[in-house]
Amino acid sequence: MKIDGTSYRSIWLNDDGWSVNIIDQTRLPHEFHVERLTTVDQAAHAIKAMLVRGAPLIGATAAYGVCLGLRADAGDVAFNKMCEALIATRPTAVNLRWAIRAMQDLILPLPESERVSAAYEKATQICDEDVAINSAIGDHGLGVIEAIWEKKGKVGPLNILTHCNAGWLATVDWGTALSPIYKAHDAGIPVHVWVDETRPRNQGAHLTCWELGKHGVEHTLIVDNVGGHLMQHGQVDLCITGTDRTTAAGDVCNKIGTYLKALAAKDNNVPFYVALPGPTIDWEIDDGVKDIPIEIRDSHEVDYIQGKDSAGQVSEVRILPEESSSANYAFDVTPACLVTGLITERGVADASKEGLARLYDRLEYKA
Ligand code: MRU
C-alpha cells in the first residue's frame, strides 16, 4: 500500500539482502518507524510484543525469523528449538504454526550448507503468495460488496462495519477484511467504514483508522459497543472481519468482541462476512469454541490506555482503581451458524465443512 507516495509492504528484506524490515505497529498511528530485525530472537520478540501482529503477518515474520536463526546456526537441534520458540510466541493464529511447519518440511531434509538460501527463498515465497492471496480475497469480496450495493439501489454511502485490524498491516499487503473495501473504494463505490475501536490494544483506532485514512477511505471510529445500536437503526449494510483461525467446519476465531458483533448482525439481518486466506484454516478441528486456544494477555493492556496528549507526548494512563484487577482475553469464537459467508482467495464459501471442502483440499495447508 502507498504511504505518502511510497509503496510499502508490512515486512520486506533490507537492501543488505538478509536482515528484515518491519513497521513497528506499536508506534502507530503516532510514529511511522521501520525496525530492522537481525536475529531470530528479535523476530520472536517482534511477534510477542506485537510490533507485528495479524495472523498472516505473524506467519511471514516467523518464516523470516527462521532465516535469521539459520544464519547463526543451521544445525537440526538449533533449528527445531527456534521453530518451537517461534510457535510459542502467540497461541491463537494458526498461520504461525503453518508457516513454521512449511519451513521445517523444506529445511530438515536439506544439508546444512543449503539451508539458509532455501529458507530465504521460501520465506519470500510465503510473503509473495500472501500478497496474491489477499488481492484475490479483495476481488471476491468486491463481488459481495457490489451485490449489496446494487440491492441498496446504489444510494450511498455503503456502510461496512469492521472489527480489529485485518488490513494490509495485518498481512504482507492488501489485508483480508479490508482488501475488498480498498477494491470497492478504488472501483468508485462510496464505502464508509464503521471502525470498532477494539479494546484493549485499540487496533481499530490505531491501525485500521490510520490505514483507511492513508488510502482515502471514509471511516468513523466507534467504541466497541456501538455496532448493535447502529445495526438496529439500519446504519450497517454489512460487516466484514478477519480471522486468526477458522475451523474445518467454518467457525471463526477473531479478536475479542467479534462474536458479539455477529450476534447483533444475526438479530438484525445484517450480512456478516469473514475474509480469510487458506493458511488460516485449521483442518484438524471442527469445534472452535471447544478446541481453539484463546490467548490471554497481560492485564496491563486492559488497565492502561495509551495516547498522545496535546503537547504531542505519547504516554499511557491507568483507568483502573489500584485495588482492582482485570482479565485480558484476546480472541473469541464466532460459530459458523452466525457467518453469512467466508470470503477466500478461491471464492466465497458457505461457513461449513462442505463449503470449505468445495474450495480446498484439506492437505494443502497443513499446520
Ligand atoms: O491480536 P492481533 O492484533 O494479532 O489480532 C489480529 C486480528 O484479530 C485480525 O483480525 C486477524 O488476525 C485477521 S488479520 C488478517
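The talk below covers the domains, the sheets, the ligand shell and a hairpin.

Modeller: This is a predicted model, where local features need pLDDT of at least 70, side-chain atom pairs count only at pLDDT 80 or more, and totals for chains, interfaces and linings use all residues. Residues are numbered from 1 along each chain as its sequence is written.

Biologist: How many residues of domain 1 and domain 2 are in contact?

Modeller: In contact means that two C-beta atoms, placed from the backbone, lie within 7 Å. By that rule 23 residues of domain 1 meet 27 residues of domain 2. On the domain 1 side, α2 and α4 (94-107) each supply at least two residues. The largest share, five residues, comes from α2. Helices are DSSP runs of H or I with at least four residues, strands are runs of E with at least two, and both are numbered from the N terminus.

Biologist: What makes residues on that side of domain 1 nonpolar, polar or charged?

Modeller: Ala, Val, Leu, Ile, Met, Phe, Trp, Tyr, Cys and Pro count as nonpolar, Asp, Glu, Lys and Arg as charged, and the others, Gly among them, as polar. The side of domain 1 that touches domain 2 then divides into 13 nonpolar, seven polar and three charged.

Biologist: Why are β3 and β5 called edge strands?

Modeller: Two strands pair if DSSP finds at least two bridges between them. The open sheet has the order β3-β4-β5, with antiparallel pairing. β3 (11-13) and β5 (34-37) each pair on one side only, so they are the edges. β3 and β4 (residues 20-23) share three bridges, which meets the cut-off of at least two. Within that pair, Leu-13 stands opposite Val-20.

Biologist: What is the angle between α2 and β3?

Modeller: About 25 degrees, with α2 lying across β3, β4 and β5. Axes are lines fitted to C-alpha atoms, for helices over the stretch in contact, and angles run from 0 to 180 degrees between N-to-C directions.

Biologist: What makes β11 and β16 a pair?

Modeller: Four bridges join them, and they run antiparallel; at least two are needed. Lys-255 stands opposite Phe-331 in β16. Helix α9 (residues 258-267) packs on this sheet, touching β11 and β16, at about 30 degrees to β16. The sheet order is β13-β10-β11-β16, and its pairing is mixed.

Biologist: Which residues come nearest to the ligand?

Modeller: A residue is near if its C-beta atom, placed from the backbone, lies within 6 Å of the molecule. There are 17 residues around the ligand, and Arg-53, Ala-55, Ala-170, Gly-242 and Lys-255 come nearest. α2 (55-72) and β11 (252-255) each give two or more residues to this shell. Domain 1 and domain 2 each contribute at least three. The shell holds seven nonpolar, seven polar and three charged residues.

Biologist: Why is strand β15 called hardly covered?

Modeller: Buried means 20 or more other C-beta atoms within 10 Å of a residue's own, exposed means 12 or fewer, partly exposed lies in between, and C-beta atoms are placed from the backbone. In β15 (residues 314-318), the count of buried residues is zero among five, so the strand is hardly covered. β15 runs antiparallel to β14 (residues 304-308), joined by five bridges. Gly-307 stands opposite Ser-315 there. Between the strands of this hairpin are five residues, and Gly-312 takes a positive phi near 85 degrees.

Definitions and conventions
Domains from an automatic or database assignment.
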